[in-house]
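Please open the model in your viewer and keep the selection tool at hand.

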Amino acid sequence: MTLDILRNFIQSANINFLYGSGISRPFLATLGNIEKWLTKLTEDNSKEAYKEVIKASLYKAYCDEVILKNRHMSKYDNLFMVTKSAYADFFSVCNELMNKRNAQLSSKQINLFTTNIDLLAEETLSNSGIELNDGFRGTIKPIYNESNFQISLSKSSMQFHKQSEVPMFNLIKVHGAVNWKEEDGVILSDTILLYYLETELADVEKKHFVNLCNADGTAKTYEEVEADAKVIAPHLPDNAYDKFFEAYNQIVMINPTKDKFRTSVLDYHFYELMRIYSNALEKENSILFVMGFSFADEHIAKITKRAADTNPTLQVIIFAYSDEDEDTYKKNLEIMNSCSNNNILILTPSKFKTFNEDKYSDLCKIISCFDLKTINLVFKEISKNIHFSYGTK
């Protein structure tokens, strides 16, 4: 797909994004083997003590590399600033696109669906002047409600009594977030949860956890982790991890295990968020951009594939990080040959260059992979001429 065709789609479409952990790099790590190994543990019903050591060690790694980093977002952290800069560019260019679109009847809302549980979007937009709707309403105790995503904002002119819709990003976290807390049957926003979790984790002696990496920094195999856990288990105090897990479980989020989607169907909020995602893709003339997300989450993959099959006006455009990722996307979406409406495009760096190198050679020279930084460059190029898009062939 050429940038000119893509620009025409953006001009009048209902715009949605789906992004995963790949977009939060390099500040936050991806799960690696954590999900696979936790799933392995949950599928084994035996009660050996060493398995509790492995479980606690995996959750500790998840906390250290993803969850607790949300407590330490500092301008002195280079990895954080690089990631935040990419987020800021993304929101800026998308906000500009929505302001410049010619189609006056088109909504100026962009839906951002994500499985990420971090606070990078909120941190980036906190003082930007760009409108972010995270589903919470209230000042003293913000309460989460899915109906808040139906809200739109407009500004009035004092002189002419005219109103215009303000671009707004709906941040829809389908797996919950590190600041979600349940109280009296409702979800509140409360970042103090991270303080409690960090405190309880620090109180567990380091010798009670397995280090998932070798001395040279290479990742250990599951067998190596298991062997280390068997050494630790006989010397483990009673209830060594109880307070750590108690603090961890206070956060309303789906755990990184394969059975997470059973939880999402049973829990009201996660079910509602999946319904919102499905409804967004079923709207006429919608477009879904996928970034840093492999569709390894089977539930989301099935909803996306079903929407593409039943809605011929939906266009799904997947930015594959590398050319090698194309087969993974095809496998996870079950489109090894093609999809019924031919409306799922896996855009690899090589394909992008093939489509656009004649007209956009300078941009093509820069792109060797599709991370958030390079995806932003694509949208910036589109934004330059978005108001000229009608009539472009």
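Start with everything selected: for 393 residues a compact globule would have a radius of gyration near 21 Å, and the protein, at 22 Å, agrees with that (the radius is taken over C-alpha atoms, and the globule rule is 2.2 Å times the number of residues to the power 0.38). This is a predicted model, in which local features need pLDDT of at least 70 and side-chain atom pairs count only at pLDDT 80 or more, while totals for chains, interfaces and linings use all residues. Residues are numbered from 1 along each chain as its sequence is written, and side-chain values use heavy atoms, with hydrogens and water left out.

With the C-alpha trace displayed, its principal axes span about 75 × 50 × 45 Å. Colouring by secondary structure brings up 15 helices and 14 strands (DSSP runs numbered from the N terminus, with H or I of at least four residues for helices and E of at least two for strands).

Next, select residues 3-12, helix 1, together with residues 372-384, helix 15, whose axes come within 10 Å and cross at roughly 75° (axes are lines fitted to C-alpha atoms over the stretch in contact, and angles run from 0 to 180 degrees between N-to-C directions). Show the side chains of Leu3, Leu6, Arg7 and Ile10 on helix 1 and of Val378, Phe379, Glu381 and Ile382 on helix 15, since these residues make the contact (heavy atoms within 4.5 Å).
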